[in-house]
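Here is a short briefing for a first look. Please keep the sequence and the 3D view side by side as you read.

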Amino acid sequence: MRNLYHFILTRVPRPILIRLSYLFNKIAPLIYAGNRFEDPIDGRKYRKLLPYGALVMRENVLAPGSLSLERHRLLWLYLQKKTNFFTAPKLKVLHIAPEQCFYKRFRNQSNLEYLTGDIESPLADVKFDLHQAPFEDNSFDVIFCNHVLEHVDDYMQCMRELKRIMKPGGWGIFQVPIDYQRSTTYEDKSITSEEDRLIHYWQKDHVRLFGNDYPQHLRNAGFEVVEEHLQKEIGQLLSNRYRLPDYEPIYLCKKS
């Protein structure tokens, strides 16, 4: 059963996984109900969470109800505690590659003019390539573009496009997988097979692995970058209960 679960997660295309999940997340919360872990996104509590991972399966990671991972729960708490995302009177938001755990919640927020985009996701309102975003300059107050820049051909061009379409005074969060043991981003054009990409970049459809220089790339694209470590503020007890990443900063990108 575990092998089948891993096969589905790693081999079934993401658009199909999204459709399959609608039935799963109605049943699974009842099966895994308990009091050891809590998902801050929907408030549900669980005796255990589901394993998840492409290269290595991590235990107690995927919340059965919202289908959130560690990084999603961290982002939700960050938006609650550190931004005006839920309280501002009106925000025009672009959500690229929208995460399923956020999609309906953000769509239903009365203070958001919410638009989603992706090159293939069934959750996208607009299908487009981020290298040439089909939006006018200074269009959005807030932009989310998480776990996208490790997939694209030219990440600096995509970062410049994100800055171009962001309003002055706007902000965005563009999280990526980072190997904190690396000082610089690793990219080798000769690595093309899914098997080699999985080994070198952690996932079969990644084309690079960012290092500790990632925030400098964002600055080079013209953003002011604020690095936040919410886990330290929340404390270890709640971090464990929410199953947050052991170490993952939030990089808030601002446009002056």
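This is a predicted model: local features need pLDDT of at least 70, side-chain atom pairs count only at pLDDT 80 or more; totals for chains, interfaces and linings use all residues.

**Salt bridges**

- The structure holds ten salt bridges.
- Glu38 pairs with Arg241, with 3.2 Å between the closest N and O atoms. Glu38 belongs to strand 1 (residues 33-38) and Arg241 to helix 9 (residues 236-242), so this pair ties together parts that are 203 residues apart in sequence.
- Glu70 and Arg58 form a salt bridge through their side chains, at 2.9 Å from N to O. Glu70 sits in helix 3 and Arg58 in strand 4 (residues 58-62), so the parts tied together here are twelve residues apart in sequence.
- Asp141 forms a salt bridge with Lys167, and their closest N and O atoms are 3.5 Å apart. Asp141 is in strand 8 (residues 140-145) and Lys167 in strand 9 (residues 166-173), so the pair ties together parts that are 26 residues apart in sequence.
- Salt bridges also link Asp137, Glu161 and Arg164 in a network.

**Helix 3 and helix 4**

- Helix 3 spans residues 70-82 and helix 4 spans residues 100-107. Their axes come within 10 Å and cross at roughly 30°.
- Helix 3 is therefore roughly parallel to helix 4, because angles under 35 degrees count as roughly parallel.
- From helix 3, the residues that meet helix 4 are His72, Leu75, Trp76 and Leu79. Helix 4 brings Cys101, Phe102, Arg105 and Phe106 to the contact.
- By class, this contact has six nonpolar residues, one polar and one charged.

**Met156**

- Met156 is part of helix 5 (residues 155-165).
- Is Met156 buried or exposed? Met156 is buried, because its relative accessible area is 17% and buried means under 20%.
- Leaving out residues up to four places away in sequence, Met156 touches His217, Asn220 and Ala221.
- Gly235 is 79 residues from Met156 in sequence. In space, the two are 35 Å apart, C-alpha to C-alpha.

Key
Residues are numbered from 1 along each chain as its sequence is written. Side-chain values use heavy atoms; hydrogens and water are left out. Helices (H or I, at least four residues) and strands (E, at least two) are DSSP runs, numbered from the N terminus. Buried means under 20% relative accessible area, exposed over 50%, partly exposed in between (1.4 Å probe, protein chains only). Contact means heavy atoms within 4.5 Å. Axes are lines fitted to C-alpha atoms, for helices over the stretch in contact, and angles run from 0 to 180 degrees between N-to-C directions. Angles under 35 degrees count as roughly parallel, over 145 as roughly antiparallel, 65 to 115 as roughly perpendicular and the rest as oblique. Ala, Val, Leu, Ile, Met, Phe, Trp, Tyr, Cys and Pro count as nonpolar, Asp, Glu, Lys and Arg as charged, and the others, Gly among them, as polar. A salt bridge is a side-chain nitrogen of Lys or Arg within 4 Å of a carboxyl oxygen of Asp or Glu.
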